[in-house]
Amino acid sequence: EGMAPPQRILFPPEKILMGWQQRQRAGAGLYNLGNTCFLNSILQCLTYTPPLANYLLSREHSQSCCQQTFCMLCIMEAHVNNALHSSASAILPRALINVLTLIGGHFELGMQEDAHEFLRFTVDAMQRACLSGSSDLDISSQSTTIVHQIFGGFLRSRVTYLSCKAVSNSYEAFLDVPLDIKAASSVTAALEDFVKPEQLDGENCFKCGQCDKMVAASKRFMIHHAPKVLTVCLKRFQYFTGGKISKVCTQLESNFLSWHRRFPKASTLGSVVFCLCFCAETVQFISRYQCLSLQASNGLWYKMDDRSVDLCGIDTVLREQAYLLFYVR
């Protein structure tokens, strides 16, 4: 609907396995190498995302990879296999640390970074690995990599011109949905605000191609195509003031996804990254990230705090200050 079909399918969608293919115990914790909790929490979330983990555990990528230098998928494949198969209680994520500046040039070992930003750069690096050797692909074809089919979706921006009722649609790929929680009491309410129509008039008028003049319009975003794993980022950091929104948002459970027909009711909350903040002597807010992950093969939740991996209940998950949410179909 409204989008050109891909000229080439890079990864067959029927090969993406959404459920764990073997019963897995909780894997190893990750040693903190100095302010690397942002990295550890994201690695644990990705390790326990079933469709990605199934693919990486099969070692299918490394068997056919032709890249001679940095390949994010090869690195993630080695890490996930090590984390889930190691007999040690904790391992060093050394392979990721060694390529930190290749994932993002501004990342610096020893500095606390933003977990959401690291997630975006890591997924983007995996997407680039999928596209290596495939130049001049159209946008629709680029969205058929295994990475984009798991994490990627498409937003539709619909502008309705109020004078003539003409409608204009544009589409944009996305890898997560950022939600403003400052005025929202729940994740559901924040999602409703995200898709609420915005009235544009005065200096914000749009030029209507049909009327050939600037007119008032209504603009709204909609989820045109939902990903298999929806990542939601709750916007907690107030960058202009340096503060943090510490409220606990309700309705983290899976059933909120049924609010829109594009999200199947079968989606379940798979992982949560939450942040603990404390005020340093410099009156700056310092963030510390932890991961709560559902080990779907045995149906249990685990709290992963660097090298510690401990069982926890769903009640623990729902009362934390969630930052990143992973919903798996």
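This is a predicted model: local features need pLDDT of at least 70, side-chain atom pairs count only at pLDDT 80 or more; totals for chains, interfaces and linings use all residues.

Reader: Which residue stands opposite Glu172 in β4?

Author: Glu172 in β4 has Leu155 opposite.

Reader: How many residues lie between β3 and β4 in the hairpin?

Author: The hairpin of β3 and β4 has five residues between the two strands. In its turn, Lys165 has a positive phi of about 65°.

Reader: What is the order of the strands in the open sheet?

Author: The order is β4-β3-β9-β6, four strands with antiparallel pairing.

Reader: Which strands stand at the edges?

Author: Those are β4 (167-174) and β6 (198-200). Each has a single partner strand, so one side of each is left without a neighbour in the sheet. On average, neighbouring strands of this sheet are turned by 30° against each other, direction ignored.

Reader: Over how many bridges do β6 and β9 pair?

Author: β6 and strand β9 (residues 217-225) pair over three bridges, in the antiparallel sense. Glu198 stands opposite Lys219 in β9.

Reader: Now the helices, please. At what angle do the axes of α4 and α7 cross?

Author: The axes of helix α4 (residues 72-85) and helix α7 (residues 115-131) cross at roughly 115° and come within 7 Å. That makes α4 roughly perpendicular to α7.

Reader: Which residues meet there?

Author: From α4, Met72, Leu73 and Met76 meet Thr122, Ala125, Met126, Ala129 and Cys130 in α7. By class, the residues of this contact are seven nonpolar, one polar and no charged.

Reader: And how do the axes of α1 and α4 cross?

Author: The axes of helix α1 (residues 37-47) and α4 come within 10 Å and cross at roughly 80°. α1 and α4 are therefore roughly perpendicular to each other.

Reader: What meets what between α1 and α4?

Author: Leu43, Leu46 and Thr47 in α1 meet Met76, His79, Val80, Ala83 and Leu84 in α4. This contact of α1 with α4 has six nonpolar, two polar and no charged residues. Met76 in α4 meets residues of α1, and Met76 is also listed in the contact with α7.

Reader: Changing topic: what is the phi of Arg59?

Author: Arg59 has a positive phi of about 55°, although it is not a glycine. In general, most residues other than glycine have a negative phi. Arg59 lies in the loop between α2 (50-57) and α3 (60-64). With a relative accessible area of 38%, Arg59 is partly exposed.

Reader: Is Asp212 buried or exposed?

Author: Asp212 counts as exposed, at 55% relative accessibility, because the cut-off for exposed is over 50%. Asp212 is found in the loop between β7 (206-208) and β8 (213-215). Asp212 also has a positive phi, of about 60°, although it is not a glycine.

Reader: Last topic: how many helices and strands does the protein have?

Author: The protein has eleven helices and 17 strands. Of its 329 residues, 50% are buried. The protein exposes about 15600 Å², and carbon and sulfur atoms supply 51% of that area.

Reader: What share of the contacts joins residues 24 or more positions apart?

Author: Such residues account for 68% of the contacts in the protein with a separation of 6 or more.

How values were computed
Residues are numbered from 1 along each chain as its sequence is written. Side-chain values use heavy atoms; hydrogens and water are left out. Buried means under 20% relative accessible area, exposed over 50%, partly exposed in between (1.4 Å probe, protein chains only). Contact means heavy atoms within 4.5 Å. Accessible areas come from the Shrake-Rupley method with a 1.4 Å probe; for residues, only the protein chains shown count as cover. Axes are lines fitted to C-alpha atoms, for helices over the stretch in contact, and angles run from 0 to 180 degrees between N-to-C directions. Angles under 35 degrees count as roughly parallel, over 145 as roughly antiparallel, 65 to 115 as roughly perpendicular and the rest as oblique. Ala, Val, Leu, Ile, Met, Phe, Trp, Tyr, Cys and Pro count as nonpolar, Asp, Glu, Lys and Arg as charged, and the others, Gly among them, as polar. Two strands pair if DSSP finds at least two bridges between them.
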